[in-house]
Amino acid sequence: MTEFLKQLKELGEEFLETLRHKTKLSTIFDLYTEKVIPTFVSEKDLKEYYEKRMEEVNDFIDKL
């Protein structure tokens, strides 16, 4: 029983570490998309790109 509790505790610690890591990556990605990309791509081009991508996603969902 104690071995099971020890494994459960270790699993929880690994889960929290993974969650922290993913949060950091998400923050870095958000900063990149909000600050870096707009410096070299116009807002109009980004809007067109995302509209096109959303249409592709919607088409894909419709085909399912």
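Q: What is the accessible surface of the chain, and what share of that surface belongs to carbon and sulfur atoms?
A: In this predicted model, the accessible surface of the chain comes to about 6,500 Å². Carbon and sulfur atoms account for 61% of that area.

Q: What share of the residues of the chain counts as buried?
A: A residue is called buried under 20% relative accessible area. Of the 64 residues of the chain, 3% count as buried.

Q: How does the radius of gyration of the chain stand against that of a compact globule of 64 residues?
A: A compact globule of 64 residues would have a radius of gyration near 11 Å, whereas the chain has 20 Å. The box filled by the C-alpha atoms, taken along the principal axes, is roughly 60 × 35 × 10 Å.

Q: Why is the contact of lysine 9 with glutamate 13 called a salt bridge?
A: The criterion is a side-chain nitrogen of Lys or Arg within 4 Å of a carboxyl oxygen of Asp or Glu. For lysine 9 and glutamate 13 the closest N and O atoms are 4.0 Å apart, and the pair is therefore listed as a salt bridge. Both residues belong to helix α1, where, being four residues apart, they are separated by about one helical turn.

Q: What makes arginine 53 and glutamate 56 a salt bridge?
A: The closest N and O atoms of arginine 53 and glutamate 56 are 2.6 Å apart. This value is within 4 Å, so the pair meets the criterion. The two residues are three residues apart in helix α2, and about one helical turn separates them. The structure holds two salt bridges.

Q: How are arginine 53 and glutamate 56 classed by relative accessibility?
A: Arginine 53 is at 39% relative accessibility, and glutamate 56 is at 36%. Each value falls between 20% and 50%, so both residues count as partly exposed.

Q: Why is the aromatic pair of tyrosine 49 and tyrosine 50 called edge-to-face?
A: A search of the whole structure finds one aromatic pair. That pair is formed by tyrosine 49 and tyrosine 50, at 5.3 Å centre to centre and with 70 degrees between the planes. The centres lie within 6.5 Å, so the rings pair, and the angle is over 60 degrees, so the pair is edge-to-face.

Q: What makes tyrosine 49 and tyrosine 50 partly exposed?
A: Tyrosine 49 is at 44% relative accessibility, and tyrosine 50 has a relative accessible area of 46%. Both values lie between 20% and 50%, so each tyrosine is partly exposed.

Q: Where does tyrosine 49 lie, and how far apart in space are tyrosine 49 and glutamate 10?
A: Tyrosine 49 lies in helix α2. Tyrosine 49 and glutamate 10 are 39 residues apart in sequence and 44 Å apart in space, C-alpha to C-alpha.

Q: How do you know that lysine 47 and aspartate 62 are exposed?
A: Lysine 47 is at 56% relative accessibility, and aspartate 62 has 63%. Both values are over 50%, so both residues are exposed. From C-alpha to C-alpha, lysine 47 and threonine 33 are 13 Å apart, while aspartate 62 and lysine 24 are 34 Å apart.

Q: Why is methionine 1 called exposed?
A: Methionine 1 has a relative accessible area of 75%, which is over 50%, so the residue is exposed. Methionine 1 lies in the segment before α1.

Q: How many positive and negative side chains does the chain have, and how far apart are the centres of the two sets?
A: The chain has 11 positive and 15 negative side chains. The centres of these two sets lie 3 Å apart.

Definitions and conventions:
Residues are numbered from 1 along each chain as its sequence is written. This is a predicted model: local features need pLDDT of at least 70, side-chain atom pairs count only at pLDDT 80 or more; totals for chains, interfaces and linings use all residues. Side-chain values use heavy atoms; hydrogens and water are left out. The radius of gyration is taken over C-alpha atoms; the globule rule is 2.2 Å times the number of residues to the power 0.38. Buried means under 20% relative accessible area, exposed over 50%, partly exposed in between (1.4 Å probe, protein chains only). Accessible areas come from the Shrake-Rupley method with a 1.4 Å probe; for residues, only the protein chains shown count as cover. Lys and Arg count as positive and Asp and Glu as negative; His and the chain ends are not counted. The place of a charge is taken as NZ of Lys, CZ of Arg, CG of Asp or CD of Glu. Rings of Phe, Tyr and Trp (its six-membered ring) pair if their centres lie within 6.5 Å; planes under 30 degrees apart count as stacked, over 60 as edge-to-face and the rest as tilted.
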